[in-house]
Amino acid sequence: MDTALPNPIRPAFGPSTEDGAVVVSIGPSHPATHGTIQVIAALDGEKVQRVDVHCGYLHRGFEKECEAHTWHNLIPYVDRLNYCSGLINNFAYCEAVEKLMGVEMTPRCRYLRTLLSEYSRVADHLTCIAASLMELGAMTPFLYLVMIRDYIYEHLAALTGARVTYTYGRIGGLARDLPEGWLARLGEILGQYEMFIARVHGLMDRNRIFIDRTRNIGALTAADAVHWGFTGPILRSTGAPRDLRKDTPYLAYAELDFDVPVGINGDNYDRYYVRMREMDESVYMIRQLMDMLPPGPINVDDRRCTFPDKTLVYSEIESLINHFKLVTDGPKVPAGEVYLAHEAPNGELGFYLVSTGGGTPYKVHVRSPSFVHMGGLPRLLEGYQLADIIPTFGSVNMIGGECDR
Amino acid sequence: MNSPLPEILPECLAVPSGELLDTVGHLKWESGFDLLLDVTAVDWPGQVPRFEVVYHFYSTSTFRRVRVKVRVEEADPAVDSLVALFGCAHFMERECHDMYGIVFRGNPDLRPILLYEGFVGHPLRKDYPIRAEQPLVRYRK
């Protein structure tokens, strides 16, 4: 028989280093935490004194693997970073490559990407809120929210062919245009969203049990949030209205009318409420975008990155060679480096790309919000009760795929 | 010290390794770059110095971005840590240490974070073979 397996982690402290404290290990596979992460906590009674967070259980060498594939081949990989909103990863990555190539996307593509980003944000926030409410025992709102999320997933599957990992973005455009009747169904789903979200508001907002578990738990000030690198809804819940869509508008956000909801205390309740309000703003934006969608092509007409039409590939030699070179060598991206960030549902999602002029990237680095948030997580957990770890961790919405890469 | 690549976005500062803390302190306190977004490195085998440590900063008041680069030698891949200035530097520097073996002087905790205890080498260095395997649990025969 094998000897005992080596411990893959070295905890920052053991029972002997903490005076009289009980040291417990929570995770990496714990039924009440969504996400594979290990939290080692030193407890004084029920109170958490000190926390050591270990991530990396989902590390799969994403950045190393990227260096061995063409720029096109990375698109399915970036889907799997934040698998609750794969489209936003797609669009941020594609736009970063387009920036390096100096490609300007078509107007229809720009509006469609904006619309789908907001749609994905709704799905991501629904997942986050549903899961964290369920962990507090609220089964009915969980089912309401996940039902709407499932409508969205099915609806996106009608567009992209996949429920979760869409691979829908393309360098210089999108995989395909909207199918017939897609926008009509979108309108129906938004109507249902409003009906069910109103029920969730009614069930949760003034619910005594929910407030007791979340109010003033895991509280954070705006200055602390910036110091620890928090972005997205967590930063906004502290009262700082920082949103890349407003501050440095990209895609079509400059033309849209929307508010940036903020919280007051930066506690779990505020994070819940900021996400709920953000979904309303997203729906408001989607409705504007449905009216603004211009006609026209979705892909740029640029043979460096866009695949030629399939009928041409089969009928003329130039297109066949073009297609062949794009697949085997990858699009030629000029040498340079770029850092491009989008406002993902969890915070700033940045792609730092370095190209030396070939068809494969020299370096790909992802600035993932979840990883940075895990660095600040002890700040949110220490000083509260052991049982508060679950709602606080739920409200941070850590996604293993983008945290561990 | 010129970067071998043309710059696109954002502004980039190349800083000698000894002046990093002063420069970043100035950026934070005088220029308002109060959010450290990212710490990573780029490996240029064959060049001297071999590694480029890359920082990205953002200002939550002016919404500007800046990139800071520090070159470090292969023989002594060490650079000053930013943990005293930015709390979030702790985890990002741990990751960079994991992946490239850059030592951040002053970061008290450079334990493996995405990799595991006992992992040999630094996988994002260009000389680490992509197919290398180091299973923690032996494969079944």
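This is a predicted model: local features need pLDDT of at least 70, side-chain atom pairs count only at pLDDT 80 or more; totals for chains, interfaces and linings use all residues.
Local features were taken only where pLDDT is at least 70 and side-chain atom pairs only at pLDDT 80 or more, whereas totals for chains, interfaces and linings use all residues. Residues are numbered from 1 along each chain as its sequence is written, and chains are lettered from A and ligands numbered from 1 in the order in which they are written.

The contact between the chains takes 42 residues from chain A and 34 residues from chain B, two residues being in contact if their C-beta atoms, placed from the backbone, lie within 7 Å. Among the elements that give two or more residues to the chain A side are helix H1 (62-66), helix H3 (86-101), helix H8 (222-227), strand E6 (336-344) and helix H14 (369-381) of chain A; helices (H or I, at least four residues) and strands (E, at least two) are DSSP runs, numbered from the N terminus. The most is given by H14(A), with five residues. By residue type, this side of chain A divides into 19 nonpolar, twelve polar and eleven charged residues, where Ala, Val, Leu, Ile, Met, Phe, Trp, Tyr, Cys and Pro count as nonpolar, Asp, Glu, Lys and Arg as charged, and the others, Gly among them, as polar.

Chain B contains two helices and six strands, which run β-α-β-β-β-β-α-β from the N terminus on. Its C-alpha trace spans about 60 × 30 × 25 Å along the principal axes. Of the 141 residues of chain B, 36% count as buried; a residue is buried if 20 or more other C-beta atoms, placed from the backbone, lie within 10 Å of its own, exposed if 12 or fewer, and partly exposed in between. Arg138(B), in the segment after strand E6 (103-105) of chain B, counts as exposed because it has 8 C-beta neighbours inside 10 Å. Arg138(B) and Tyr128(B) are ten residues apart in sequence and, C-alpha to C-alpha, 21 Å apart in space.

In chain A, an open sheet of three strands has the order E6-E7-E8 with antiparallel pairing, two strands being paired if DSSP finds at least two bridges between them. E6 and E8 of chain A each have a single partner strand and stand at the edges, so one side of each is left without a neighbour in the sheet. The twist averages 15° from one strand to the next, with axes fitted to C-alpha atoms, for helices over the stretch in contact, and angles running from 0 to 180 degrees between N-to-C directions. E6(A) and E7(A) pair over nine bridges, and His342(A) stands opposite Leu349(A) in E7(A). H3(A) packs on the sheet, touching E6 and E7 of chain A, and its direction makes about 150° with that of E6(A).

Helix H6 (residues 182-204) of chain A has 23 residues and reaches 32 Å from its first C-alpha to its last, close to the 33 Å expected at 1.5 Å a residue, the expected span being 1.5 Å times one less than the number of residues. Its buried residues are Leu186(A), Leu190(A), Tyr193(A), Ile197(A), Val200(A) and Met204(A), and what covers them includes helix H4 (107-135) and helix H11 (268-292) of chain A.

The largest nonpolar core has 145 residues, a core being a set of buried Ala, Val, Leu, Ile, Met, Phe, Trp, Tyr and Cys residues joined through C-beta atoms within 7 Å. H4(A) gives the most to this core, with 13 residues. Among the residues with the most contacts inside the core are Tyr93(A), Leu353(A) and Leu36(B). Leaving aside neighbours within four places in sequence, Leu36(B) is in contact with residues including Gly229(A), Tyr55(B) and Phe57(B).
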